[in-house]
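Here is a walk through one protein model, taken element by element. Keep the structure open as you read.

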Amino acid sequence: MDSLRTDLDAHLDPTAGRGCEVALVAGPRPTVVFRAHHAVMDGRGLLSWASDVFRALRGEEPVGAPSPLYDLALLGELTDSSGVARRERQMANWRSPLARWGSGTGRGADRCAAHWVRRTVDGAYPGLVAKTAAAIADFSGAATRVMVPVDLRRHRPDLRSTANLSLPVFVEGRPGEPWEAWHERLLQALVDGRELAAGEETALARLPLGVLGPLLRATDRATSALGRYPCSALVSHLGRIEPKDLRAPGFEAETAYSLPVQVPFTPVSFTALEFGSHTQLVMSHPGRLRGDTRGADALLATVCEVLSPAARRGPLTAGPQRTEEPATLTAMLRRQIERTPDAVALIGREGPISYAELDRRSDVVAAALRARGAGRGAVVGLLADRSVAALAGLWGALKAGAAYLPLDPNHPPARIAAVLADAGAALCLVGEEHKALPGHDVPVLVLDRLPTDGAEPAPETTLPDDVAYVIYTSGSTGRPKGVLVEHRALVEYTHWATDRYGVDASTRFGLFTSLAFDLTGTAIFPPLLAGGSIALVPGEAGRHNLTELLTQLGVNALKLTPAHLELICALDVGPQNFRVLVVGGEQLRGPVAAQAQLVFGPGCRVVNEYGPTEATIGCVIHTFDPQCDADSPAVPIGVPVDNTQVYLLDASGRPAAPGEAGEVHLAGAQLARGYLHRPELDRERFFLLADGTRVYRTGDLARLSERGVLEFLGRVDDQLSIRGHRIEPGEVEAVLEQHPEVARAIVLGRPGRPDGEPVLCAYVSGTAEPDAVREHAARLLPSYLVPASVRLVEAFPQTVNGKIDVQALPEPFDDAQVAVRDDRPQRAFLELAVAEIWSQVLGTADLPIRPSDNFHHLGGDSLTLLIMLSQVADKLVGQTGGEVFQRALRDIIRAPTLERVCLAVREATDPDTAVEDTTEPHRPKDRT
């Protein structure tokens, strides 16, 4: 319950000041007060006025309110003295059940003075007025009459006036009646237009001011003496005002609320105003209750309970609360190095590297960064393969106090340069073979050229609230967005992951995913900060090195996507002694998890880990249960981990009940600081609930099942998840529209993959050739963002509301493209066989593929490329030519065209067992 600050009292006194004024109250939390006398301006008019003031402060043109029309002018000059007599009798005879709040003596001005109590509830509430009226009746335990101001502008939607244009209707009811009954009576009053009706309901509004003043004084004396009021309460819902409307340079409103006037006709008045994700409720009560507000507090609490039951206000589900001393990743690493300096930290083709060696190499990087001015607060790019130098670079950047920005060498140079520029990177740490990728605008430091020791240990200057890394994800506005993750959040993740996944000195994680993929953090931080080790797998993960990872490097733990898991399960190897598979990045299907359980054995836990980048890698987990989850189309995402809470809010921002679907909002210690240079996105995605809890709005839908676990239900927006990457179609559309011959672009996810994942498809208008558009996209976007198809349309179909009708768009592949497949009998058997595999992996049966087509340009990403190459090796190459085919992977990966894949198959196949050209269609052989 909030009481207004005493330093605002002078500006809120209804007996002081001008009829209209704006007051700025300085202090730690500056407050802007818009004050107007109700005879001059009503609540809606005041909101319009306030919005125009802020428009002017922003340098925008005010909307204005040129009309002088007010309520009496709208209604006309009506006089009905008999109506006055009826109103006087009515006032004398009606006794409000809340009248005890108005009893007492004193000057009329004192009795009209108000004191306010305020509460904030999450979401918006249809039927709020009726629900409030029903709550008042139940609280009073007697017949209740509620005054509801009605905005007369509803009869003139084009009217632009800030004058008092509100007249009341009155709704009566009894305790115990459902709010729907109150709502029905209120709606009927509005349908009848009772606020416009002549008679006793509007008699006071029609009186000349000379008569109205004495009547009000007489009424005040009567209510004071008799404790009688014409109604029990005034309830007004002023609608909604957006936070952006109350924003100006140097000022951003955290909240907004309306203070009701304490009038002599009612003991209490309520106003409701929707602002941002909240509804602000304010109740006024007579000033003499200032010393004892228990009655007022109890009434407002009753109203809030009806709107938002206390049982739903907290998190729907929450993880255990644990207290840890704030720490940094670098401090934790130093402690581990002191404990086990000679233990193996990294292993791979470069040989074993001890904790002490990793410490020395990272000190060298830190010293080099500090010498170049890249210390605490700086952002440093990291563009390297999975190698000892890369891990030394990562830790060296952290030791220098900088935040590292992981980049994928497989991304187009234009994308890499754009991300470095957006992040304001001081320099970029690079591997020798990638030194040209950052371009000329950012200095580079080649990791492979640095000495391996000789630097003084880096001093510990990092604080828990410093940013540890910046990871870029797809952005809906057309450019990727950088997420700022602090040491505190990563330490929190590391603590619970170490505990839940059983990470200790004997744990060895395999690292084979891109450093730019935040799920990779699971394979880096928990093992190194618990005395375990990491097996590094450089290059593109293929059949050969994945087999080596599973069988020869002593790995017993993996972090991977469901697609990775499917690929590994298809390798026909028998991994031994695995303890845990942590699966994240996209939805895990029950059959895939069940197959993994069979392949890795009953002693290996399969854990589904959920969490967006903005909540630091993962924060909701579920251990796969073969008895309950094997046949499920989606394995539950589970329950929150330590110090994490999950709120499910419906479309209006209200808490959802158990079993109801709601949008996932995450709270707790792992939330990111926010987005880099994107304050508008911070406001949209990171905000405070009514109780002050900071949450991140994920855009994911979920519900709490009867088992007490969260089930993922999809998205509430257009965002897609493809091969573990969250994709904003708007980013792809913006890039396609940069093509000079594209007028408009729409990108959609179309169903098609066997695993249920969508295929990225684009529709463009203009004169560009589809192949040229796809090539343009491939030069600027990562492969997973390149549409699988580009369809040229003359115009976009529209709905009756003028929006693009996506359901009326044609199939992604036009007849001319599909006709390419008609030449199958004239094409070589091998080419057809490889094309068939491509179509199966890309999940589009009618995908036209030509010899020069690039797998990435058709929508394949690095992971689907690996799946495709694995299937080609398995079905068309065989064991004999496996090593030769593996050696050709680097050339294929650089330009994976159909023609090049076929050439590699021919080179890897012995003459005696070579696949001969034929015109017979390919029949994929069964695998057992």
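**Helices, a sheet and hairpins**

Start with helix 19 (residues 562–569) and helix 20 (residues 590–600), whose axes come within 10 Å and cross at roughly 45°. Helices here are DSSP runs of H or I with at least four residues, strands are runs of E with at least two, and both are numbered from the N terminus. Axes are lines fitted to C-alpha atoms, for helices over the stretch in contact, and angles run from 0 to 180 degrees between N-to-C directions. Helix 19 and helix 20 are therefore oblique to each other. Under 35 degrees counts as roughly parallel, over 145 as roughly antiparallel, 65 to 115 as roughly perpendicular, and the rest as oblique.

This is a predicted model: local features need pLDDT of at least 70, side-chain atom pairs count only at pLDDT 80 or more, and totals for chains, interfaces and linings use all residues. Residues are numbered from 1 along each chain as its sequence is written, and side-chain values use heavy atoms, with hydrogens and water left out.

Which residues of helix 19 and helix 20 make the contact? Helix 19 supplies Pro562, Leu565, Glu566, Ile568 and Cys569. Helix 20 supplies Val592, Gln595, Ala596, Val599 and Phe600. Contact means heavy atoms within 4.5 Å.

Two strands pair if DSSP finds at least two bridges between them. Strand 13 (residues 344–347) runs parallel to strand 22 (residues 533–536), joined by two bridges. Ile347 has Ala535 in strand 22 as its bridge partner.

Strand 32 is next. Strand 32 (residues 694–704) pairs with strand 29 (residues 662–668) in the antiparallel sense over five bridges. There, Leu666 stands opposite Tyr696. Strand 31 (residues 686–688) is joined to strand 32 by three bridges, also antiparallel. In their hairpin, with five residues between the strands, Gly692 takes a positive phi near 90°. Strand 33 (residues 710–715) pairs antiparallel with strand 32 over five bridges. Leu704 stands opposite Leu710.
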